[in-house]
Amino acid sequence: MMKVFGVFARAGAPKMPYWAQVTVIPLLNIFVALALAGCVVLLLGENPFKAMAVMLQGAFVYPGGLGFTLYYTTNLIFTGLCVAMAFHAMQFNIGGEGQAIIGGLGVALFLLFVGDSLPLIICLPLAVLAAAAAGGAWAFIPGYLYAKRGSHIVITTIMFNFIAAAVLQYLLVNVLIAPGQMSPQSVKFAERTHLPQIHELLALVGIETESTPLNISLFLALAAAVGFWFLIWRTSWGYALRTVGQSERAAVYAGIDPARMTVQAMAISGALAGMVGVNALMGDAHRILLGFATGYGFAGIGVALMGRNHPLGIVLAAALFGILTQGGSELNFEFRNITRDLVIVIQGLIILMVGALSLMLDPPVARLIALVSRRKEET
Amino acid sequence: MLKKTIALALAVSGAAYAQEFKPAVVFDLGGKFDKSFNEGVWNGVKRFSEETGIEVLEYEVSSEAERKQAIERMVKRRGATAVLGIGFGQADALAEIAAANPDVQFGIIDVNWLDGANIKQYGFQEHEGSYLVGVAAAKASKTGKAGFVGGMDIPLIRRFACGYAQGFKDAGGSEVYVNMTGDTAAAWNNPTRGGELAQSQFDRGADVVFAAAGGTGVGVLQAAKDKGKLAIGVDSNQNHLHPGTMLTSMLKRVDVAAYNFFKEAQSGRVEGAVHTLGLKDEGVGWAVDEHNEDMVASFRADIDKARDDIIAGRIEVNDYFVLEGCPSY
């Protein structure tokens, strides 16, 4: 086996220690991406260090900054986990956007037509379940089509994004639109079904903070990350799933049905994306509107890539993207020459460095580490 | 004593700060250089800045969650005293912040359903202007068929389409092909797809196309130029983009609304009110300039007559907002 790998490893290239792979390499990649972004800022005629400072202050220090950062992080944890779940079955689910939309529709329809008549203690968990079930069902269909007909999941999920957007648009413009106004959005959900926002909770204990959309969905997202870890690495189902992902033939040999596993993984994946609806609608907008999920599904791909499909990595990567989104919006606000497009450029550079070019820095760093450790041994 | 003086000085400077006029504008998702709706506003803002020398703070939102944050930042952190929100998507966020900041003047474009003593709302009678360019399309068309390319399929765009189709048919046209670009916000910025839709309408026999699609319209106008068909621009005067194939543009004077709002706010006269701007107020209209005056010369009088008839109430233009449907297409 080692011999087989030896063919691919370049002669003489030292092996990268694991600790360096999970710490040094991601940090270096981010650093290079930021340095490149800094050059762009310089070209725009602004001071990159000042821009960096504004970005970090905007994400953490400015009033409400941290709240927004964590709000974005919450959405990105959900979609990052969504992509990672499918990745473990070796499937590329790029339909997080559509699954988030349908999840949002699930929670919204539930709250608008059913939820208010139920006691709160039943209504809230059911609303979360409605989002998960709707998002899961939306991803189940491509999973099923793959298992039964071999339809490629990349193709079907991206197509399903458009179908979901069309369904949302149709319902909002023709059915759910609130009377007396022309913006395609529904009436507000009943007040008591709104998820508590963090600034409201802090106000209860006497801490006054800025009003931000951050709500208790953050804890739901963190719980989902822990649940994800448990499911993938601590259950036989997760073991079976990873087997399917690593080698379908080995899985079949072990008596695992890959089609069945894929469908189940896709459904869970979609359910995770559907939770964006809980955070964005039940937690923030308190109604359903167009564009509440825009961008999160695709950013989730970057988050999962960067987090190497591990929940801890995903939470960290989601936080980084949250920082970039909120800090970037402050950049746009503070500097006349920096527009919102630059933030997308920075995100793109990070995805490029961490995803596509993640191996670029591996050999030189490995050689450097080997060199340093050899020196140590010699002295 | 010294302490008191400092406190007094601080109080005075604080008061001066509060009275200082600080205008701000928050653009919609399309961005300020969309060659259309937002850019129209930006032109009005620019004119105000150039005339008065007062810098207008600006921000382009990039997601739904940001709308409220953007307006709030303008008020709280920058001390803006007059904030103009662009687009109906801003309505709820603006109303909420306006209620919390009664001393700040607010304006919003494309909204006329809010309450608030400090919110000035500008709604436009898009169907009236669209009717006029529909008449122009019918007069210029040889096939009697026209196309309409909308951005996102929302009530506002259906309102454009409805007035256009009615004007086209009233003036003798037979068929209007209505296509919307998409179901997501990307539909406002997809010139490629806009061009394809226009192309398919040309293939079905249309020889005039009206684009009410934000940045997507650029592709529609280009497709018309490439095929030697006629195109109608929207919001801003887009006649200059392709002289020769630009029949006219349906004007929606968001620039005037933006300019007026800041002018009034500067003199401190803004009161909460709904301004509905139609043909009568020259809030909407059609563009005639050096690029198209020869093309429209033969039927200019017909359109002016239609305009007068609408203003006088002799022609009633179907309003999608009121009918919640459209009998014309």
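Visitor: Which strands form the open sheet in chain B, and in what order?
Guide: In this predicted model, 6 strands of chain B form an open sheet in the order β7-β6-β8-β9-β10-β12, with mixed pairing. Strands (E, at least two residues) and helices (H or I, at least four) are DSSP runs numbered from the N terminus, and two strands pair if DSSP finds at least two bridges between them.

Visitor: Which are the edge strands?
Guide: The edges are β7 (175-182) and β12 of chain B, each pairing on one side only. On average, neighbouring strands of the sheet are turned by 15° against each other, direction ignored. Axes are lines fitted to C-alpha atoms, for helices over the stretch in contact, and angles between N-to-C directions run from 0 to 180 degrees.

Visitor: What does β10(B) pair with, and in which sense?
Guide: With β9 (residues 230-235) of chain B, β10(B) pairs in the parallel sense over 5 bridges. With β12 (residues 284-286) of chain B, β10(B) pairs in the antiparallel sense over 3 bridges.

Visitor: Which residue is the bridge partner of V234(B) in β10(B)?
Guide: That partner is M250(B). M250(B) also stands opposite W286(B) in β12(B), while K252(B) stands opposite V284(B) of that strand.

Visitor: How many residues of β10(B) are buried?
Guide: Strand β10 (residues 246-252) of chain B is mostly covered, with 7 of its 7 residues buried. A residue is buried if 20 or more other C-beta atoms lie within 10 Å of its own, exposed if 12 or fewer, and partly exposed in between, with C-beta atoms placed from the backbone.

Visitor: Which helix lies across β6, β7 and β8 of chain B?
Guide: Helix α6 (residues 155-170) of chain B lies across β6 (145-152), β7 and β8 (208-212), running at about 170° to β6(B).

Visitor: Now the two chains. How many residues does each bring to the contact?
Guide: Chain A brings 25 residues and chain B 21; two residues are in contact if their C-beta atoms, placed from the backbone, lie within 7 Å.

Visitor: Which helix gives the most on the side of chain A?
Guide: α8(A) gives the most, with 4 residues. That side of chain A divides into 12 nonpolar, 11 polar and 2 charged residues. Ala, Val, Leu, Ile, Met, Phe, Trp, Tyr, Cys and Pro count as nonpolar, Asp, Glu, Lys and Arg as charged, and the others, Gly among them, as polar.

Visitor: Back inside chain A: how do α5(A) and α15(A) cross?
Guide: Their axes come within 7 Å and cross at roughly 65°. By class, their contact has 10 nonpolar, 5 polar and no charged residues.

Visitor: Where is F68(A), and why does it count as buried?
Guide: F68(A) is in helix α5 of chain A. F68(A) counts as buried because 25 other C-beta atoms lie within 10 Å. Leaving out residues up to four places away in sequence, F68(A) touches T212(A), Q326(A) and Q69(B).

Visitor: How should I read the numbering and the model?
Guide: Residues are numbered from 1 along each chain as its sequence is written, and chains are lettered from A and ligands numbered from 1 in the order in which they are written. As this is a predicted model, local features need pLDDT of at least 70 and side-chain atom pairs count only at pLDDT 80 or more, while totals for chains, interfaces and linings use all residues.
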